[in-house]
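Trainee: I have a model open and want to learn how to read it. Can we start with the strands?

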Amino acid sequence: MSERALQLRPMGLMWRDLRLLAGDIGLIAAKDLRIEWRARTTLGQVLPFALLVLVLFGFALNANRPTLELATPGLLWMTVLFATVVAVQRSVAVESIDGAGRMLLLSGMAPAAAFGGKALAVAVQLLAVAAVLLPGVVLLYGAEIESLPLAVVASLAATAGLAAAGSLLGAVVAGVRAHQTVLPILLLPVVAPVLIAATRAFEDALGTAAVNGWSWVGLLAGFTVVNVALGAVAYGPLMEEA
Amino acid sequence: MSAVRLEGAVVLLGRFPALAGADLSVDPGEVVLVRGPNGAGKSTLLHLCAGLLPLTEGRGEVLGCDLGADRAAVRRRVGLLGHDTALYSELSPAENLDLWARASRVDTTGVPGALGRLGVPERLWAVPSTRLSAGQRRRVALAAIVVRRPELWLLDEPHAGLDTDGRELVSDLMSEAASAGAAVVLASHETGPADDLATRTVTMAGGTVGADAV
């Protein structure tokens, strides 16, 4: 075999492995989203809950429009954070009912793929929540979107970070008896940087403060990369423990 | 080469030794019935052989894979039926088996045949599994094993919750698997159809495997 062919062979194998990994991530994400679509947790519980929180925040701030406009980015992402807790709890529960998670273990699938698929499904759900909340704050709080591209990119980066950190911590608490109460205690401090960065980015996108939103998007992307890497490495041992 | 070879296998669940020095050897084509009272360690033995539990002490080899070194390597080659069905409730039997096959890199064209073989009526193939009876879910869980055609069948109380037809079907499946060269280990604490099927019976008590009963 020529030297050139020998050099290409590992690249070919790596490309094949990446394709298989991507296929498995898609398989698990599609599975979780199909289950969510049937169970209607996001549509029937998370979205109405999130909208209700927005309305109640409005009451709490005495429907004071200038105050609401200023607080809109933070209120929006606090609401997405609450939705994250519910979505991750549901993602964990899906694997524990009737020992379903054993299927993933026995399939021999790479744990990184299982993690990626579950995180992707949570991210899609959170993105749907953010997509409903954004028009919600425009309608309820009178917010104005000055930079839609920044709002969209910040939402993508923030929901991906929340989903990655949430799925990782969901696996950490999966074997804990009181995981439903332990998860928020662990998750909320860990994702505080996402809340801060997404809020700052949205302050720029909604024009409520003079900040450089794109630099905060960079922080969101960094947070996401770190948590995806941690999840890809740690998910296997955590699945074994659960 | 033995399909299963355990020597002084110890498995700790927390600090409790669920297996306390178990010895077992199973050859391909054998149907070994593991008998014993509740808490004897039968389920732990099956989970160890499936590579789902770590070996704390002793030696263990399943299908040529060293359980102490890389227990994950054996998982794709075994089929395990536990007390639970390992099915996603919101997915239909066909969707569960399709997912199972794709995740295991097995041909999905065998899914309808497996469901038919286990006597799951076609009208139930697209119904969410949560709406099936316990016996029907058990049949679907067995169909998932059939789809994978494992080299080692690990069945925990496989006849439980099944009607007479279902019990006969399970017995036929095990016989066919053994005839095809697979090893079958089934755990049961009651006398019944498993006795006629087994080529060998071993008894467990207190986390150890006793002398062969047959």
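This is a predicted model: local features need pLDDT of at least 70, side-chain atom pairs count only at pLDDT 80 or more; totals for chains, interfaces and linings use all residues.

Trainee: Which residue stands opposite V10(B) in β4(B)?

Mentor: E57(B) does. As a general idea, side chains in a regular strand alternate between the two faces of the sheet.

Trainee: How many bridges join β4(B) to strand β5 of chain B?

Mentor: Two, and these strands run antiparallel. β5 covers residues 65-66. Look at D66(B) there: its bridge partner is E61(B). The hairpin of β4(B) and β5(B) has two residues between the strands. L63(B) takes a positive phi near 50° in this hairpin.

Trainee: Now the core. Which residues have the most contacts inside the largest nonpolar core?

Mentor: They are A154(A), C49(B), A143(B) and V185(B). That core has 149 residues. Take A143(B). Leaving out residues up to four places away in sequence, A143(B) touches L97(B), A114(B), L115(B), R117(B), L118(B) and V120(B).

Trainee: How many residues does each chain bring to the contact?

Mentor: Interface size is often given as the accessible area lost when the parts come together. Here we count residues: chain A gives 19 and chain B gives 20. On the side of chain A, α1 (3-39) and α4 (101-107) each give two or more residues. That side divides into eleven nonpolar, three polar and five charged residues.

Trainee: What scores does the model have?

Mentor: ipTM is 0.87 and pTM is 0.89. For chain B, the mean pLDDT is 91, and 98% of its residues reach 70 or more.

How values were computed. Residues are numbered from 1 along each chain as its sequence is written. Chains are lettered from A and ligands numbered from 1 in the order in which they are written. Two residues are in contact if their C-beta atoms, placed from the backbone, lie within 7 Å. Helices (H or I, at least four residues) and strands (E, at least two) are DSSP runs, numbered from the N terminus. Ala, Val, Leu, Ile, Met, Phe, Trp, Tyr, Cys and Pro count as nonpolar, Asp, Glu, Lys and Arg as charged, and the others, Gly among them, as polar. A nonpolar core is a set of buried Ala, Val, Leu, Ile, Met, Phe, Trp, Tyr and Cys residues joined through C-beta atoms within 7 Å. A residue is buried if 20 or more other C-beta atoms lie within 10 Å of its own, exposed if 12 or fewer, and partly exposed in between; C-beta atoms are placed from the backbone. pLDDT is the predictor's confidence in each residue, from 0 to 100. Two strands pair if DSSP finds at least two bridges between them.
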